[in-house]
Amino acid sequence: MLQAGELVERVKAYHPGADLGLIKKAYDFSHRAHDGQTRKSGDPYFIHPVSVATIITDLRLDTASICAGLLHDTVEDTTATLDEIGREFGAEVADLVDGVTKLTKIEYTSKADRQAENFRKMVVAMARDIRVLLVKLCDRLDNMRTLEHMSGEAQERIARETMDIYAPLANRLGMSRLKADLEDLAFKHLEPDAYRELSAKVAKTQRERDRYIEDVSRTIQSRLAEQGFQADVTGRAKHLYSIRRKMQAQGSDFEQVYDIVAFRVVVETVADCYAALGVIHSRWTPVPGRFKDYIALPKPNKYKSLHTTVIGPGRERIEVQTRTHEMHRVAELGIAAHWKYKESKATSTPVGRADGESFAWLRELMEVQKDLKDPAEFLESVKVDLFQDEVYVFTPKGDVHVLPRGATPIDFAYAIHSKIGDHCVGARVNGAITQLRSALHSGDIVEILTSPGQRPNKDWLEFVKTSRAKARIRSLMRGEERDRSLKLGRELLEKGLHDRGISYSRLMKSPEELKKLQLEFKVQTVEELLTQIGYGKLPAADVASSLVPESTPGEREAPPPTLREGRIESLMRKVTGKDDRVIRLSGIDDLLVRYAGCCNPILGDEIVGFITRGRGITVHKRDCAKAFDSGDPERRVEIQWDAKARLERPVKLKITTANRLGMIGVLGQTFQTKGINVSEALCRAGDDGRAVNYFTFTIGGVPELRTLMAALRKVPGVVSVERT
């Protein structure tokens, strides 16, 4: 742990004009605030904020960011208040601390909702000041470095969040080193066996690889020097998770994976980049289709470089990246390389105006979070948008739009304008009419055809990729569904009131009675009340009965409510542990509970329920994207598995292996050893030397499934094991 003086000296080395006194003051304040607190490891808690501040200095950030790193947990975990931070360190530091601080005083029905709302809060804060995200990424990196001291469940949850959200965010900011560290640490906890095995194999070949890198670097350097170029040439092996992804994509063992070594050629000018590329291609044969010009078409995070793959010495494929010194600095540090984010006078500039192109993705996040009120759906859309490779697509006028790989003409239409997406009826790609579900490729020229009478189709949700398109389509679909539910709710309430001799029209003219209903059923408006009845969340019979005193002479007893009328209480009687907010499942009959086929939840999965009129509750995995296509989030109900539940459910695994003799037998033996009876197997060998195998079986829950998948991953020749 750095002492205050050492931390100050690190800052002084790259930013002599920094307010070093304020940093020392923040160091002392944090030390006092966290005095007596310890981490899970038993170490003093104060080590963590100092480590975060140290990482921030590695990024060469400004005084306010370093102070925020030292103070980021004081409001959440100590008696210090945000007002106190503001008084002591100024509004700028207080705003950064507030942006990083989690929401702690709001009740949520699930951890997932809390996670999503914390992230939404950070998105709003980082849209005002991108340094909020930089501090949060440094905080997450230090937490990941000490994750082994957490419980197994916490390790998996935090590592998954890091892989799904924070590593892609670091990538969006162009911070390649930080992204690689986060991915490797998450990989270590999500797939510990695969991580250990790959680490051992990489270490075993380290000496040979270092010699190869040294020889190739010397060859490139001398070749360029002969042509008069001043160049710095370095080489490195790609980080572990990057190699793991290549193994999975190629369906290969580590020994068969090519292109795991990358060389960087750093030259003086942009013209030198292209000239140096010519020198490299004249020395080694380029691999067709593997050249990418990120100088002419930079990535959204402003990354610029020329990428090529060549057949190098020993017939090995090697990747060569050619860039200028400034491009290299941006590639390593990303947005942190831009000095304007280190000077306090510029930090309050809204991101949208400060650098519109660099932060178009952040503006998109802001738009989506405004449209999506349901926290789980917002988080799902964020994962979809962040964790994607890009394609570069052009309008007929030559304007470029960056979309996720696999995006369709519908996504392109919504990227231009929501109205164009709403009225899209067709598209021309490179001059030819194409299907709306066709995937676009880099370089495509796309022209959207529209019609005023066209409306979005729910089937579009099956193939669109961007959160902007999904959110807009869902919004329109839900508006229509809400209108139908409002109409149905009115009809059901009219019937319920008629059975009790009450006039619906008279009720609608009685403000006192309507206010009573709103208070009793905890709704804001009459329209909301009727919609809830239409969805099935409120039984019309109960609403009608609440208007009739129980002692009314001659009043007919209301007919018993049915599930078709939306009587969720009748479902509650079928489950254990009735709760005001949560339904607990214990293996209910299929008339009341349906398990969604899209995600096939099993005992132990995080789950969520959606009311389906006439069919009870449909249960989805909480992270199932399809769940949000099924209707309005207002139909969502919180459900949990009962602690005593025993439920065998079918599961399908996709196992990608090397195409070897006896592979199926070894896999079958693994299932048998774990006491699993396979009910169906489908195995297909490809031309690429690998086989894809699907096994269907029943299992008691997530812990058993994890044990089985870990055993399967240890089988020699197995490349990946995925639940489908």
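A nonpolar core is a set of buried Ala, Val, Leu, Ile, Met, Phe, Trp, Tyr and Cys residues joined through side-chain atoms within 4.5 Å. The exercises below apply this and related ideas to the structure above, which is a predicted model.

**Exercise 1. Find which residues have the most contacts inside the largest nonpolar core, and follow one of them to its surroundings.**

Solution. Begin with the largest nonpolar core, which has 96 residues, and in which Ile66, Leu70, Leu137, Leu182, Leu224 and Val265 have the most contacts. Next take Leu70 and set aside residues up to four places away in sequence; what remains in touch with Leu70 is Leu7, Ile23, Ala26, Tyr27, Ser30, Pro49, Val50 and Ala53. Finally, note that there is a second, separate core of 22 residues, which includes Val393, Leu436, Trp460 and Ala469. As a general background, nonpolar side chains tend to be buried together in soluble globular proteins.

**Exercise 2. Check the length of helix α2, and state which of its residues are buried and what they pack against.**

Solution. The buried residues of α2 are Leu22, Ile23, Ala26, Tyr27, Phe29 and Ser30, and they pack against α1 (4-14), α3 (47-58), α4 (63-71), α5 (74-77) and α6 (82-89).

**Exercise 3. Describe how strand β5 is covered and which strands it pairs with.**

Solution. First consider burial: in β5 (residues 306-311), six of six residues are buried. Both faces are covered, with Leu306, Thr308 and Val310 on one side and His307, Thr309 and Ile311 on the other. Then turn to the partners, taken one by one:

- Strand β3 (residues 285-286) runs antiparallel to β5 and is joined to it by two bridges, with Thr285 opposite Ile311.
- Strand β4 (residues 292-293) is also antiparallel to β5 and joined to it by two bridges, with Lys292 opposite His307.
- Strand β6 (residues 317-324) pairs with β5 in the antiparallel sense over six bridges, and here Thr309 stands opposite Glu319.

Last, look at the hairpin of β5 and β6, where five residues lie between the strands and Gly314 takes a positive phi near 70 degrees.

**Exercise 4. Work out the strand order of the open sheet that contains β18, and say why one side of β18 and of β20 has no neighbour in the sheet.**

Solution. The sheet has four strands in the order β18-β19-β17-β20, and their pairing is antiparallel. Because β18 (678-685) and β20 (718-723) stand at the edges with a single partner strand each, one side of each is left without a neighbour in the sheet. Direction ignored, neighbouring strands of this sheet are turned by 15 degrees against each other on average.

Methods. Residues numbered from 1 in each chain as written. Predicted model: local features only at pLDDT ≥ 70, side-chain atom pairs only at ≥ 80, totals over all residues. Heavy atoms only, no water. Pairing = 2+ DSSP bridges. Axes fitted to C-alpha atoms, helices over the stretch in contact; angles between N-to-C directions. Buried < 20%, exposed > 50% of the residue type's maximum accessible area, 1.4 Å probe, protein only. Expected span 1.5 Å × (residues − 1). Contact = heavy atoms within 4.5 Å.
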